[in-house]
Amino acid sequence: MSFNKEIYLNNLKLAFESYSPISERSWKLIENITEFQTLKKGETLLANGEIAKNLHFVAKGILRAFITDQLGNFYNKNLFMENSFAGSKVSLMLQSPSDFTIEALEDSIIINLNYKKYILLINENEDLKNFYIAHLEKNWIIDKEQREVALVMQNATERYVNILKKHPSIAERVPLLHIASHLGITPTQLSRIRKSLEKDL
């Protein structure tokens, strides 16, 4: 898969700066610990039971993080769209086996950041520390709490409409069973919701 690395690195830089400004010097330090990886649709980025070594940035494509129970049923914990960060934060921080698998739902281009080097840079650079705090607050506190509240307070239709607002192309790119699992409903329920919404248009 041939691609322009500079475009994707610039998108990574923009993703960093969407949380907090960083200096050109700090960006070069980050750039030095990046490595590109390509995944075919269906390939695994992180396996259940594997200890994570990298923080991932989805430069192109879509990933899903899923848990499989003892009966073989899966639950999509997260869908990681383009220009978002992905990974198992718990596995990275504790150096413990991941409780879920991360798989490509499309042919994907990933930028890996070596986590140990990344944390050293954050500890040594104030602007990167500010980014790290803002990123944690947004993704691991605000978004997580809002999603938990939505699961209780919103019905399935409202949750589906909200995901369409955030990611308008998701229904064309992600199989409906994966969207349904992410929303905590069955594919049949999602099918009914989609038909009902089409009637209302």
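Analyst: Let's begin with Glu 106, a handy way in. Beyond its neighbours within four places in sequence, Glu 106 is in contact with Leu 39, Lys 40, Lys 41, Gly 61, Ile 62 and Arg 173. Bear in mind that this is a predicted model. Among those partners, Arg 173 gets a side-chain to side-chain polar contact from Glu 106, at 2.7 Å. Glu 106 sits in the loop that links strand E7 (101-104) to strand E8 (108-114). Its relative accessibility is 17%, so Glu 106 counts as buried, the cut-off being under 20%.

E2 and E7 are joined in the antiparallel sense by two bridges, and Thr 44 has Glu 103 as its bridge partner in E7. Next, E7 pairs with E4 over four bridges, again antiparallel; here Ala 65 stands opposite Ile 102. The last pair is strand E4 (residues 63-68) with strand E5 (residues 74-80), antiparallel over six bridges. In that pair, Thr 68 has Phe 74 as its bridge partner in E5. The hairpin of E4 and E5 has five residues between the strands, and Gly 72 there takes a positive phi near 90°.

What about the side chains of E7? In a regular strand, side chains alternate between the two faces of the sheet. In E7, Thr 101 and Glu 103 point one way while Ile 102 and Ala 104 point the other, and all are buried.

Most residues other than glycine have a negative phi. Asn 83, in the loop between E5 and strand E6 (85-86), has a positive phi near 65°. With a relative accessible area of 42%, Asn 83 is partly exposed. Gln 95 also has a positive phi, near 50°, and lies in the loop between helix H3 (89-94) and E7. Gln 95 is partly exposed too, with a relative accessible area of 37%.

Finally, the helices. The axes of helix H8 (residues 176-183) and helix H9 (residues 187-200) come within 8 Å and cross at roughly 100°. That angle falls between 65 and 115 degrees, so H8 is roughly perpendicular to H9. On the H8 side of this contact are Leu 176, Leu 177, Ile 179, Ala 180 and Leu 183, which meet Pro 187, Leu 190 and Arg 194 in H9. By type, the contact has seven nonpolar residues, no polar ones and one charged.

Notes:
Residues are numbered from 1 along each chain as its sequence is written. This is a predicted model: local features need pLDDT of at least 70, side-chain atom pairs count only at pLDDT 80 or more; totals for chains, interfaces and linings use all residues. Side-chain values use heavy atoms; hydrogens and water are left out. Buried means under 20% relative accessible area, exposed over 50%, partly exposed in between (1.4 Å probe, protein chains only). A polar contact is a pair of N or O atoms within 3.5 Å; within protein, one must be able to donate a hydrogen and the other to accept it, and residues adjacent in sequence count only if both atoms are side-chain atoms. Contact means heavy atoms within 4.5 Å. Axes are lines fitted to C-alpha atoms, for helices over the stretch in contact, and angles run from 0 to 180 degrees between N-to-C directions. Angles under 35 degrees count as roughly parallel, over 145 as roughly antiparallel, 65 to 115 as roughly perpendicular and the rest as oblique. Ala, Val, Leu, Ile, Met, Phe, Trp, Tyr, Cys and Pro count as nonpolar, Asp, Glu, Lys and Arg as charged, and the others, Gly among them, as polar. Two strands pair if DSSP finds at least two bridges between them.
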